[in-house]
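Work through the exercises below with the sequence and the model open. Try each task before reading its solution.

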Amino acid sequence: MAEDAVSQAELMTIVANGQPWNVPRECTIADFLGQLALTPGRVVALLDGIIVPRERFAETRLHEGCRLELVTMVGGG
Amino acid sequence: MTEDLLTIGTRTFRSRLLLGTGKYRSFEEMQQSLEASGTEIVTVALRRLDLSRPGQPTLLDYLDTGRYTILPNTAGCKTAEEAIQIAHLAAAMGLPRWVKLEVIPDPDYLLPDPVATLEATRQLVKEGFEVLPYINADPVLARRLQDAGAVTVMPLGSPIGSGQGLLNLPQIQIIIEQARVPVIVDAGIGAPSDAAFAMELGAAACLINTAVAQAGNPVLMARAMKLAIEAGRAAFLAGRIPRRPQAVASSPLTGLVGSPS
């Protein structure tokens, strides 16, 4: 884990859409999307079960072990 | 004659065909089908963003949200709580504060849970959502949902995607007869004749997805559905003749050539 390696000391592990990801500490939702080069048109987040609208992505920080769900629109009936 | 408009809650539309956006073979085909159908309301689902494929085209690249009113559904939700959360997410996404409410615990027939649907409707109405509940064709449930503030009821013709047509016909007729809100037949429509029939019976609109998206030519089928909905609606407004057990001649029975009198 991050504590064992100096190079990873600045990283933390989060769970985003069910998968573990190593991201920089102090990372915001907007940073995370930027890191993945994702610029979705309509997206909303659930951070530990709390809804975060897109306007607050830049100010909402992730934390070690948090569960992030990023949700968008897909085709449906 | 005044324009025949469809009013759902606070919104008014000219088209009586609601179209789903799922199961098309390509986004282009979906886009052209929406266009050909004349629809003004399209349904979408909410799902996890695919984090592994940045730059991939998404539904949004092909859906003109300025032109169509987006109706988010709660497909995939098995409980009232899950459905309520999806409605909240859709609203937080900036979508209109209305929802096609689906609470479906049964994976084989995709039949909705009436108790959970009523619970979720009550809660969402309290929160100011306009709720369009998807239900089995149960007239008593339809009334309870209207009492709870649902802006439509959406009985299924037959199971989702089955294309079996209006298997629940007698029940749907009772729902229409008793409804104080628009009745939208949702699910099971397989062909334009099914849609036209629903409209002739007095359904206010139809919601169709698979029958268009999976047709041999979805764009042409979208147009066929548009025409069927329009024809069925016109027939309903016109008033069909009663069914009679015996024939009634269309030509005069008097003045027959060669008759003795």
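**Exercise 1: The interface**

Contacts link 21 residues of chain A with 29 residues of chain B; two residues are in contact if their C-beta atoms, placed from the backbone, lie within 7 Å. This is a predicted model, in which local features need pLDDT of at least 70, side-chain atom pairs count only at pLDDT 80 or more, and totals for chains, interfaces and linings use all residues. Residues are numbered from 1 along each chain as its sequence is written, while chains are lettered from A and ligands numbered from 1 in the order in which they are written.

Task: find which element gives the largest share of the side of chain A that touches chain B.

Solution. 
- Step 1. β3 (43–47) and β5 (67–75) of chain A each supply at least two residues of that side. Strands (E, at least two residues) and helices (H or I, at least four) are DSSP runs, numbered from the N terminus.
- Step 2. The largest share, seven residues, comes from β5(A).
- Step 3. By type, the side of chain A that touches chain B holds 13 nonpolar, six polar and two charged residues. Here Ala, Val, Leu, Ile, Met, Phe, Trp, Tyr, Cys and Pro count as nonpolar, Asp, Glu, Lys and Arg as charged, and the others, Gly among them, as polar.
- Step 4. β5(A) is also joined by five bridges to strand β4 (residues 41–48) of chain B, and the two run antiparallel. Two strands pair if DSSP finds at least two bridges between them. A:V74 has B:A45 as its bridge partner in β4(B).

**Exercise 2: The annotated lysine**

Task: locate B:K100 and decide whether it is buried or exposed.

Solution. 
- Step 1. An unreviewed UniProt entry places the feature "active site" at B:K100. Such annotations may be inferred rather than shown by experiment; feature names are shortened, and positions follow the numbering used here.
- Step 2. B:K100 is in strand β6 (residues 98–101) of chain B.
- Step 3. B:K100 counts as buried because it has 28 C-beta neighbours inside 10 Å. The cut-offs are 20 or more other C-beta atoms within 10 Å for buried, 12 or fewer for exposed, and partly exposed in between.
- Step 4. Leaving out residues up to four places away in sequence, B:K100 touches B:T43, B:L71, B:P72, B:N73, B:L132 and B:Y134.

**Exercise 3: The sheet around β6(B)**

Task: state the strand order and say which strands stand at the edges.

Solution. 
- Step 1. The order is β6-β7-β8 (chain B), an open sheet of three strands with parallel pairing.
- Step 2. β6 and β8 (154–155) of chain B are the edges: each has a single partner strand, so one side of each lacks a neighbour in the sheet.
- Step 3. Four bridges join β6(B) to β7 (residues 130–135) of chain B. B:L101 stands opposite B:P133 in β7(B).
- Step 4. Helix α3 (residues 114–126) of chain B packs on the sheet and touches β6 and β7 of chain B; its direction makes about 175° with that of β7(B).

Terms used: Axes are lines fitted to C-alpha atoms, for helices over the stretch in contact, and angles run from 0 to 180 degrees between N-to-C directions.
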